[in-house]
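Trainee: I have a model open and would like to go through it with you. Where do we start?

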Amino acid sequence: MKAQAQHYVSTTNSCKLCKPLGACLAFRGIEGSVPFLHGSQGCATYMRRYIISHFREPMDIASSSLGEKSAIYGGGPNLKLGLRNLMIKYRPRLVGVATTCLTETIGDDTPRYVREFKEEFSELIDNCESPELVTVSTPSYCGAHMEGFHAAVNSVIDQLANDYDKTDSLNIFPGFVSPEDTRYLKEVLSDFGLTSTILPDISETLDAPALEHYEKLTSGGTRIEDIRTMGGARASIEWGRSITDSPSPAKTLMDKFGVAMQCVGLPMGLRETDTFFQVLESLSGMATPQKHSLERGRLVDAYIDGHKYVFAKTAVIYGEEDLVIGLTSFLAEIGVKPVLVATGTSGKRLRKSIEEVCSGILDKPPLVKADVDFYGIAADAHKLSPDLLIGNSKGYRLSKELGVPLIRIGFPIHDRFGGHRLLSIGYRGAQNLFDIIVNTIIETKQESSDIGYGYI
């Protein structure tokens with residue numbers, strides 16, 4: 001008897017976001033940049049809504065606004081008209097043109113359209129101080145927002161960087177971390193006396209102060225002049241265990257210009273932060289500054305003080321691939337056992353990376369699920385009965401269904417305030433996360449007890 005084919009089940013509450021959304025976030029971290037989506041107006045509207053509700057900041061995304069006619073005859077004219085209008089109204093320093101599912105499906109040659117635009121509107125471009133035009137292919141049917149983010153950063157490097165001017169600077173590619181994480185990273189690099197270019201830098205562009213007058217182009221971001229010189233840097237540091245097998249900005253710079261590269265995991269928790277600081281010690285020629293050594297010592301002391309609360313608790317983790325790897329490493333070292341690690345992306349290196357960060361700490365690694373939605377996560381979570389759920393706001397309904405607390409981290413955080421100011425990297429970030437987790441466990445114990453536990 002033939003085995004029945006598995007029935008197709010549609011995605012239910014996906015554990016990932018659109019690929020061009022990630023590209024928009026990356027472009028936003030460049031000085032004077034405006035993201036431009038070559039596709040329908042709905043794509044730009046959806047992504048603006050998602051980004052604004054997390055960062056609580058204005059987010060302009062231009063669009064070529066294709067309709068039925070353009071879908072049949074091609075979107076070249078719309079793209080050129082949109083670029084013209086954008087340059088006249090905003091006068092950007094860089095336009096990041098990302099494709100969408102529609103334009104990739106109909107086969108639009110976006111790089112060719114952009115070259116034609118440069119030729120046809122050369123006078124306009126000169127009057128707008130020759131803005132850079134960067135193109136990136138980001139169809140959502142073959143990737144998620146983090147792949148779009150990395151693709152955009154890599155395209156910026158590939159199309160703008162050169163090595164005509166050798167420098168003593170470092171290139172830092174932190175991936176998609178919060179503005180608060182980026183500010184902390186700048187502080188650490190400064191304390192080590194290192195000159196660096198961080199790409200992208202969203203510390204101001206997606207967490208700006210209140211201003212008397214609205215700025216069409218938000219201040220801050222990585223300077224384009226600095227991007228151009230990244231091919232002459234002495235080394236690149238790239239965060240993330242999941243992107244080493246795919247094109248990445250650090251690898252592109254190494255292949256094209258011979259820039260040495262150092263790849264480390266997202267520095268979450270004690271061990272991964274130790275590795276990052278060791279790299280900084282090697283590149284700077286100096287020991288870790290006392291300020292950070294003291295933070296490390298206080299973190300170890302907190303681990304000891306709080307171990308009785310977190311020991312043997314279990315957690316389901318979900319979200320972006322590098323984030324869940326970093327969280328798994330952190331939870332394992334504080335005594336919380338991850339029982340399920342899930343991501344909506346393909347997760348080619350996820351299982352291997354999880355095994356690496358759990359080695360020597362856990363008896364066996366957790367269940368790992370890639371390319372999964374929340375329907376699948378819920379099915380496993382009900383069997384595993386975790387004490388904690390850790391991830392973005394999309395897991396709220398599952399948290400309520402399971403009756404366990406949700407610790408919000410990552411993107412998007414729509415149902416709480418200040419998600420973009422959450423510090424999670426380095427010794428200081430680990431201390432912040434540890435305090436949140438311990439206090440969440442204590443609060444859950446208090447609220448579920450008839451006694452109340454006024455003193456724990």
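Mentor: With a definition: a polar contact is a pair of N or O atoms within 3.5 Å; within protein, one must be able to donate a hydrogen and the other to accept it, and residues adjacent in sequence count only if both atoms are side-chain atoms. By that rule, the side chain of Glu 333 reaches the backbone nitrogen of Leu 270 at 2.4 Å.

Trainee: What kind of model is this, and what are the ground rules?

Mentor: It is a predicted model, where local features need pLDDT of at least 70, side-chain atom pairs count only at pLDDT 80 or more, and totals for chains, interfaces and linings use all residues. Residues are numbered from 1 along each chain as its sequence is written, and side-chain values use heavy atoms, with hydrogens and water left out.

Trainee: Back to Glu 333. Which helix is it in? Buried or exposed?

Mentor: Glu 333 is in helix H14, residues 321-334; helices (H or I, at least four residues) and strands (E, at least two) are DSSP runs, numbered from the N terminus. Glu 333 counts as buried because its relative accessibility is 18%. Buried means under 20% relative accessible area, exposed over 50%, partly exposed in between (1.4 Å probe, protein chains only).

Trainee: What does Glu 333 touch?

Mentor: Not counting residues up to four places away in sequence, Glu 333 touches Gly 269, Leu 270, Arg 271, Tyr 303 and Ile 361. Contact means heavy atoms within 4.5 Å.

Trainee: New topic: H16. Which of its residues are buried?

Mentor: H16 covers residues 374-384, and Phe 374, Gly 376, Ile 377, Ala 378, Asp 380 and Ala 381 are buried there. What covers them includes strands S9 (314-318), S10 (337-342) and S11 (367-369), along with helix H17 (396-402).

Trainee: Why does Asp 380 count as buried?

Mentor: Asp 380 has 12% relative accessibility, so it counts as buried. Leaving aside neighbours within four places in sequence, Asp 380 is in contact with Leu 340, Leu 367 and Lys 369.

Trainee: What about the ends of H16?

Mentor: Asp 373 caps the N-terminal end, with a side-chain oxygen 3.2 Å from the backbone nitrogen of Tyr 375. After the helix comes Ser 385, whose phi is positive, near 50°.

Trainee: How many aromatic pairs are there?

Mentor: The structure holds 11. Rings of Phe, Tyr and Trp (its six-membered ring) pair if their centres lie within 6.5 Å; planes under 30 degrees apart count as stacked, over 60 as edge-to-face and the rest as tilted. Phe 276 and Phe 277 are edge-to-face, because their ring centres are 6.0 Å apart and their planes lie at 90°. Tyr 318 and Phe 374 also form an edge-to-face pair, with centres 5.0 Å apart and planes at 80°. That pair links distant parts of the chain: Tyr 318 is in strand S9 and Phe 374 in helix H16, 56 residues apart.

Trainee: Which residue lies over the face of Tyr 90?

Mentor: Lys 216, at 5.8 Å from the ring centre. A charge sits over a ring if NZ of Lys or CZ of Arg is within 6 Å of the ring centre and within 35 degrees of the ring normal.
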